[in-house]
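Please keep the sequence and the structure in view while reading.

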Amino acid sequence: MHYLIIGNSAAGVFAAETIRGLDPDGQITMISNEDCLPYSRCLTSYYLGNEISEEMMYIRDKAFYTETGIDFQVGYVERVDPDSKSVLLESGEKVIYDKLLIATGSSPFNPPLEGSDIGGIFELRTLGDAKAVAEFAPKAKNAVVMGAGLVGLKGAHGLHELGINVTIVGSAPQVLRHSIDIESAEILTRLLEEDGYRVHINTRVTKVLGEEDADGRMSVSGVLLNTGEKIPCQMIIRAVGVRPNVKLVRDSGVAVNYGIIVDEEMQTSVKDIYAAGDVAEAFDLLTGEKGVNAIWPSATEQGIIAGCNMAGVKRNYQGSLALNSAVICGVGIISAGLVNLPSGEGSVLRASEPDKNFYRKFVIKDGCLVGMIMVGDIEGAGILSGLIRKKAKVDVKYLQHMLVNPIEYPGYLPVERGGQ
């Protein structure tokens, strides 16, 4: 059996290890367009800010490929051909497979922007991106980060740690709009501003301004906002969004919506082709609908499920759970599940002490905890996210108690296993 895996990040690595554990003799080929060991992209901003070393980025050591018997190849896959069970590389080479896993992740999506071809504009998605930003950073005193989501805020943090003055520009009405609510966002915005960041929300960069550098090349000198304000800067990080890398399956018969659509076994619409990680559109645990949940835990779990099924051991994926965590200006924040239900659906318990950087919100629907946000004291967040994942019915009285008190071990709570 020849297993082919495209991508060497979380989903690909965990799938390969799972396959090898179930099929010691199968041939595993892994193709990646990055010539390096598997690493955690979640840590790129910490590497940028000199908080961790490059070695700490890697999730597997130099012996990984040889010890697991993986034939690792560097290349870019242009097209998947299910009819011939092969993939075509940019080099013109064809690689045959029996079972294929597409774990190509996602790439930054940047809308057209006047002046975007000027030097000094970066993305922060890969280790290579982080190295490029770090190399350029000593030339900059001021920087603009376009995007107030998690990637944007983490990138801003990395630059801030290097002593650069950072302005964050987000088009949404709040920071982290996909992860938290407006009340918790206001706390984080205040923390950022108190720590020296400038934060513009409901604002867009409409033009990059440039000037000639000492070598006669155009480089960033500032940005123009839709408000008319000009912000001087010498570098820009664009973090406005990402899109799943689905180009390689175009016209292949593999069903694609936003991401590559998969079933509960992580198999696509084409037999023997699987997808996992940020490129896969899989079931959401709480809504039952399909979507892309681009977080590390989902990628690892999906990789394991895909690996099992590719090796002939049937395993079903139970669904993704939105889960995000970060430390902003020394204050922890974590959210899980459905944190912003439509009006009239479910109920909300909330405790807020903004001056103490404390906020908790529990979202309840049909007697079950379906979402939560914690800012400040986040101890016990794992217990709460576990209750959400189990669709557990929890007495409202105990949730009211947990709003303002330490989170108690669920064994002491009247918890009833939910289900749909």
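Two strands pair if DSSP finds at least two bridges between them. With that term in hand, the briefing turns to a predicted model.

**Strand 23 and its partners**

- Strand 23 covers residues 331-337, and seven of its seven residues are buried.
- On one side of the pairing scheme, strand 22 (residues 323-328) is joined to strand 23 by six bridges, and the two run antiparallel.
- Within this pair, Ala-326 has Ile-333 of strand 23 as its bridge partner.
- Strands 22 and 23 form a hairpin with two residues between them. In the turn, Cys-329 has a positive phi of about 55°.
- Strand 23 is also joined to strand 26 (residues 368-375), through five bridges and again in an antiparallel arrangement.
- Here Ile-334 stands opposite Met-374 in strand 26.
- As a general point, side chains in a regular strand alternate between the two faces of the sheet.

**Helix 8**

- Helix 8 spans residues 381-389, and its buried residues are Ala-381, Leu-384, Ser-385, Leu-387 and Ile-388.
- Viewed down the helix axis, these buried residues fall within an arc of 155°, so they line one face of helix 8.
- Just after helix 8, Lys-391 takes a positive phi of about 55°.

**Cysteines**

- A disulfide is a covalent bond between the sulfur atoms of two cysteines.
- A disulfide is counted here when two cysteine sulfur atoms lie within 2.5 Å. By this rule, the count is zero.
- Cys-42 is in no disulfide, as the nearest cysteine sulfur, that of Cys-36, is 15 Å away. Cys-42 is partly exposed, with a relative accessibility of 34%.
- Cys-329, in the hairpin turn, is likewise in no disulfide; the nearest cysteine sulfur belongs to Cys-42 and is 20 Å away. The relative accessible area of Cys-329 is 27%, so this residue counts as partly exposed.

**Gly-170**

- Gly-170 is placed in the loop between strand 11 (165-169) and helix 6 (182-194).
- Is Gly-170 buried or exposed? Gly-170 counts as buried because its relative accessibility is 3%, and the cut-off for buried is under 20%.
- Leaving aside residues up to four places away in sequence, Gly-170 touches Ala-148, His-200, Ile-201, Asn-202 and Thr-203.
- Gly-170 and Asn-226 lie 56 residues apart in sequence, and their C-alpha atoms are 12 Å apart in space.

How values were computed
Residues are numbered from 1 along each chain as its sequence is written. This is a predicted model: local features need pLDDT of at least 70, side-chain atom pairs count only at pLDDT 80 or more; totals for chains, interfaces and linings use all residues. Side-chain values use heavy atoms; hydrogens and water are left out. Buried means under 20% relative accessible area, exposed over 50%, partly exposed in between (1.4 Å probe, protein chains only). Helices (H or I, at least four residues) and strands (E, at least two) are DSSP runs, numbered from the N terminus. The arc is that of the directions from the helix axis to the C-beta atoms. Contact means heavy atoms within 4.5 Å.
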